[in-house]
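Here is a short briefing on one protein chain. Look at the picture first, then read the points below.

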Amino acid sequence: SGDSGDSGGETYTVATDNNFVPFEFLDEETGEMTGFDMDLIRAIAEEAGFEVEIESMKFDGVVTGMQQGKYDIGIAGMTITDERAETIDFSDPYYDAGLMLAVHADNTDIESEDDLAGKVVATRSGTTSETYLQDNHPDAEVETFPGIVEAYMDLEAGRVDAVMYDVPNVQYYVANDAENLKTVGDVLQGEQYGIAFPKDSELVEDVNEALETLIDNGGYDDIYEEWFGE
Ligand code: ARG
């Protein structure tokens, strides 16, 4: 595992979400957190010469934990937004994402976000999808869940009409349950993920430097390929 090395550097706490495939999720076999974000932060730590101790929690907990300075680093597919940037520092962007809709494979009345009026749309609380729905779809009935898994389960069971969430996560679920789920419409809002820090953290610069090195030397591409390659 990348959790302990022999760099002899400082150990920093890293807050992450407990379930956001394929960025962070529990590897049942090893009992350790795995995924794109986990590989990336371990590679950054190795490059920058520090150790990481990973703690997983609910997504809202990552955001508030960073605001309260409870952890040194946060990585959780967190979108860089102006609002968050008022209370949290962000690294340079490390992943281009966006929002997308999924519906039941049998659904014929929702073809895009233009068909959401009067529909029940599920997403995870405290995320950019929740804000997007509030701002752009006041006529939809928004149901927020503490975890996104429940939202997809309700969609499969027909209890909600659609799920709105981050493109890579929606695509992952749809690919794994093409019998029951499908995506509709285009990417709704372009977003970029950033690594989070408490305001004015001195780590931002080191992490940005290590990220840049990994982008230049192919380390980033290897991780990308592992999680998103065909
Ligand atoms: N990118 C969205 C946001 O920042 C959703 C992130 C969800 N991430 C997670 N680890 N559950 O609000």
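In which sense do β2 and strand β3 pair, parallel or antiparallel? They pair in the antiparallel sense, over two bridges. Keep in mind that this model is predicted.

- Strands of a sheet pair through backbone hydrogen bonds.
- β2, β3 and β4 form an open sheet in that order, with antiparallel pairing.
- β2 (19-20) and β4 (32-34) are the edge strands with a single partner each, so one side of each has no neighbour in the sheet.
- Strand β3 covers residues 24-27.
- Asn 19 has Phe 25 of β3 as its bridge partner.

**Helix α6**
- Helix α6 spans residues 167-176, and its buried residues are Pro 168, Asn 169, Val 170 and Tyr 173.
- These buried residues pack against β2, β8 (95-104), α5 (148-156), β11 (162-166) and β12 (181-184).

**The whole chain**
- The chain has eight helices and 14 strands.
- Its radius of gyration is 18 Å, close to the 17 Å from the globule rule for 230 residues, so the chain is as compact as a globular protein of that length.
- The C-alpha atoms fill a box of roughly 55 × 35 × 30 Å along the principal axes.
- Buried residues make up 38% of the 230 residues.
- Of the contacts between residues at least 6 apart in sequence, 72% join residues at least 24 apart.

Methods:
Residues numbered from 1 in each chain as written. Predicted model: local features only at pLDDT ≥ 70, side-chain atom pairs only at ≥ 80, totals over all residues. Pairing = 2+ DSSP bridges. Helix = DSSP H or I, 4+ residues; strand = E, 2+ residues; numbered from the N terminus. Buried ≥ 20, exposed ≤ 12 C-beta atoms within 10 Å, placed from the backbone. Contact = placed C-beta atoms within 7 Å. Rg over C-alpha atoms; globule rule 2.2 N^0.38 Å.
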